[in-house]
Amino acid sequence: MLKRARMVKHGMNRDVTAKDAPFEQRLARLITNLFAPAQISGILLVVVALHSTRTVVAAVGWSVLTVGIAVLIPFAYVLNGVRRRHLTDIHVGQREQRSPPLLVAIGSIVVSLALLALLGAPRELVALVAAMTAGLLVTLLVTLVWKISVHAAVASGAVVILALVFGPVWLAMGVLAGLIGWARVKLADHSVTQVVAGAALGAVVAAVVFTLIR
């Protein structure tokens, strides 16, 4: 208790629990966890699979294939890295640690893309996975020198894809993408510039690749 009191006195209290954190910090953490790239990507894959297939059974099959390979494998790699303490956290906050998880994600998505092409998957789903592949490749190149926001890139890319598939009204989901960006800045995981750059990258790559292949 004495040690804690001294840390507080000198402004160095690093033993604050999530429950003790200010409301905005807790909200930002909740948003970051709920709308992480893996969750958004998985949901988007299922939604596009349902939209582009004639039967629910077919949609389920494509969803299992794409989510299982393109999302769950990279996520399992990250979880294992955190458990072994090779990675600091599930969001891989250290830029220097991001290349291996991104390479695993790219490899997994390329495999799923190849399977989709070989098995005759719906064009929209192939276009989505191709856009995800391109987005990750560009993100990896940027990450080698600068910590761009993957959360923002995936969120904005998802908004663009939804708008292209279901109509411009879905651009209103940009509010949620903005909220995700705010959360990343609030937690001091990214600067405003890194979030804006991530959002721009995700939106542009998604729009160009999805439109060309679709």
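In which helix is threonine 139 found? Select threonine 139: this residue lies in helix H6, where helices (H or I, at least four residues) are DSSP runs numbered from the N terminus. The model is a predicted one, in which local features need pLDDT of at least 70 and side-chain atom pairs count only at pLDDT 80 or more, while totals for chains, interfaces and linings use all residues. Residues are numbered from 1 along each chain as its sequence is written, and side-chain values use heavy atoms, with hydrogens and water left out.

**First stop: threonine 139**

Threonine 139 has a relative accessible area of 4% and is therefore buried, a term that means under 20% relative accessible area with a 1.4 Å probe, protein chains only. Next, display its contacts (heavy atoms within 4.5 Å). Leaving aside residues up to four places away in sequence, threonine 139 touches Leu102, Ile148, Val150 and Leu201.

**Second stop: the core**

Now select Leu45, Leu116, Leu125, Leu128 and Ile161, the residues with the most contacts inside the largest nonpolar core, which has 47 residues. Such a core is a set of buried Ala, Val, Leu, Ile, Met, Phe, Trp, Tyr and Cys residues joined through side-chain atoms within 4.5 Å. Helices supplying at least two residues each include H2 (23-34), H5 (99-118), H7 (150-166) and H9 (192-213). The largest share, 11 residues, comes from H6. Centre the view on leucine 128: not counting residues up to four places away in sequence, its partners are Leu44, Leu45, Val48, Ile161 and Phe210.

Move to threonine 66 in helix H4. Its relative accessibility is 0%, so threonine 66 counts as buried. Beyond residues up to four places away in sequence, threonine 66 touches Leu45, Val71, Leu116, Leu125 and Val129. The side chain of threonine 66 also reaches the backbone oxygen of serine 63 at 3.3 Å.

**Last stop: H3 against H4**

Two packed helices are described by the angle between their axes and the distance between the axes. Select H3 and H4: their axes, lines fitted to C-alpha atoms over the stretch in contact, come within 9 Å and cross at roughly 165 degrees. The two helices are therefore roughly antiparallel, the term for angles over 145 degrees. Where do they meet? Residues including Ala38, Gly42, Leu45 and Ala49 in H3 meet a set in H4 including Ala59, Trp62, Thr66 and Phe75.

Technical notes: Buried means under 20% relative accessible area, exposed over 50%, partly exposed in between (1.4 Å probe, protein chains only). A polar contact is a pair of N or O atoms within 3.5 Å; within protein, one must be able to donate a hydrogen and the other to accept it, and residues adjacent in sequence count only if both atoms are side-chain atoms. Axes are lines fitted to C-alpha atoms, for helices over the stretch in contact, and angles run from 0 to 180 degrees between N-to-C directions. Angles under 35 degrees count as roughly parallel, over 145 as roughly antiparallel, 65 to 115 as roughly perpendicular and the rest as oblique.
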